[in-house]
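Please look at the sequence and the model before reading on.

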Amino acid sequence: MNVATSIGKVDYDGLIPNNVGLGEDVRVKRALEKWHPGYIDWWKDMGPEGFQESLVYLRTAVSVDPKGWAKFDYVKMPDYKWGILLAPQAEGRTIPFGAHAGEPAWQEVPGEYRAMLRRLIVIQGDTEPASVEQQRHLGKTAPSLYDLRNLFQVNVEEGRHLWAMVYLLQKYFGTDGREEAEALLQRRSGDPDSPRMLGAFNEKTPDWLSFFMFTYFTDRDGKMQLEALAQSGFDPLSRTCRFMLTEEAHHMFVGETGVTRVIQRTCEAMKEAGITDPFDIARVRKLGVIDLPTIQKKANLHFSLTLDLFGNEISTNAANAFHAGLKGRYRENRLTDDHKLETSTYPVLRLIDGKIQNEDAPALSALNMRLRDDYVNDANVGVGRWNKVIESFGIPFQIKLPHVAFNRNIGEFSKVKADVDGKQMSEAEWASHRSDFLPNEQDKDFIESLMQPQYEAGKFASWIAPPKVGIDNKPGEFEYVKIA
Ligand SMILES: [Fe+2]
Ligand SMILES: [Fe+2]
């Protein structure tokens, strides 16, 4: 079959909607059909608790045409069509970077890099079901049907992202790919015996402010990783990731607008009550909204946990994956250097003689650092928009991302304690100031006290403003979830 003519055409009739010609690929089709029941079991065990019988107004990917790739309809989540959709193959695409730059992109796994490639796919794949597991209890406390629907949309799409990675494993990696696909259904977020692979994906997402922060900060790490993998010389991985990015954009939208709406509601309530001091926490909380300093603490927590996902600042693995042509830089195709990086350097923030300072490192070894820098820039854009809201109410407060040395468990700064400005502290100072920077027990209890479900169509919990526009342009009172 000529792939170029099948673009946008999705086989929607079988068990697994796809645009990869699964109908003609009996071996892979069988492997995926065999994997499917285990996936559904996992979804029922570890996916959204309750609500499996509810009708949810979801978008389903039905094409890869950027102009009209999704359709909206009521679906029971276990009946969601988790499809395998790759972005169109670009005619004559070449490997964009590394030792093989300029050679034709690989359509099959390059033998010498097989293990490295498999590991990249498994690590990406592991994060997808992990976040569903982390968010599984949130439906019980949704602040509105609109938000409930958005949560489930994110969840089913993370499920689809798992399918996307499992397809690559089943199609290109034979027996060990099959074993990895099984293992992706076995690990569990936060399980002491068989945890998910990366730290931030074993943390709890206990409340909706955490959910919005997670989708803003941690899904954005997902975006950066997908952007880097979308550059891959292994074309099927590149095409898969390019399409995943279209869905990922909505996840970050949910996060950014979620936090915006929390901030908006807090500022409105403060204004109505005539409170001008953002640090008058007790009075603000009495209004049933979340005070700005606590929102800042949540941002500190989720930002710092997410930075750990970028790994060590100096990394041979990252260098090897780039050199091999498997994982590029953020928007590699828009960069104008030699795309080989064999002689260039990159400034890396390190701990040198106990001081935090920049040091030039070989650019190849510093790729994690570079991706993290791109991430921080990207994350700051939305923070600026949050501050515009606060400013519009004339409240003297600004959300600020903490210093990269703050609260780290991986990399250069895991050895030290630092405050949100990057000033180093002793263990004792850290212990006594920790709760100034990160949510403490009272903060958690207060937020938990607000987490009461609001399932009436068009109504919102006290602590969050309604969205500016509905999903799929639906009116305010639209029943996004018909709870069964
Ligand atoms: Fe994802
Ligand atoms: Fe996501």
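Is D219 buried or exposed? D219 counts as buried, at 4% relative accessibility (buried means under 20% relative accessible area, exposed over 50% and partly exposed in between, with a 1.4 Å probe and protein chains only).

## Basis of the model

The model is predicted: local features need pLDDT of at least 70, side-chain atom pairs count only at pLDDT 80 or more, and totals for chains, interfaces and linings use all residues. Residues are numbered from 1 along each chain as its sequence is written, chains are lettered from A and ligands numbered from 1 in the order in which they are written, and side-chain values use heavy atoms, leaving out hydrogens and water.

## Iron site

Four residues coordinate the iron ion (ligand 2) at 1.9 to 2.2 Å: E158 (OE), D219 (OD), E248 (OE) and H251 (ND1). Donors here are N, O and S atoms within 2.8 Å of the metal (3.2 Å for Na, K and Ca); water is not among the atoms, so sites may look incomplete. Along the chain the donors are spaced as E-x60-D-x28-E-x2-H. The angles among the four donor atoms run from 90 to 167 degrees, and the site is irregular.

Helices (H or I, at least four residues) and strands (E, at least two) are DSSP runs numbered from the N terminus. E248 is buried, with a relative accessible area of 3%.

## Helix 3 against helix 6

Helix 3 (residues 145-172) packs on helix 6 at an angle of about 160 degrees, with the axes 11 Å apart. The two helices are therefore roughly antiparallel (over 145 degrees). The residues of their contact comprise 13 nonpolar, six polar and eight charged.

## Two positive phi angles

H339 is not a glycine, yet has a positive phi of about 60 degrees. H339 sits in the loop between helix 9 (316-323) and strand 3 (345-352), and is buried at 17% relative accessible area.

D353, also not a glycine, has a positive phi of about 50 degrees. D353 lies in the loop between strand 3 and strand 4 (355-362) and is exposed, at 78% relative accessible area.

Key:
Four donors count as tetrahedral if all angles lie between 85 and 135 degrees; four count as square planar and six as octahedral if opposite donors are over 155 degrees apart and all others between 65 and 115; anything else is irregular. Axes are lines fitted to C-alpha atoms, for helices over the stretch in contact, and angles run from 0 to 180 degrees between N-to-C directions. Angles under 35 degrees count as roughly parallel, over 145 as roughly antiparallel, 65 to 115 as roughly perpendicular and the rest as oblique. Ala, Val, Leu, Ile, Met, Phe, Trp, Tyr, Cys and Pro count as nonpolar, Asp, Glu, Lys and Arg as charged, and the others, Gly among them, as polar.
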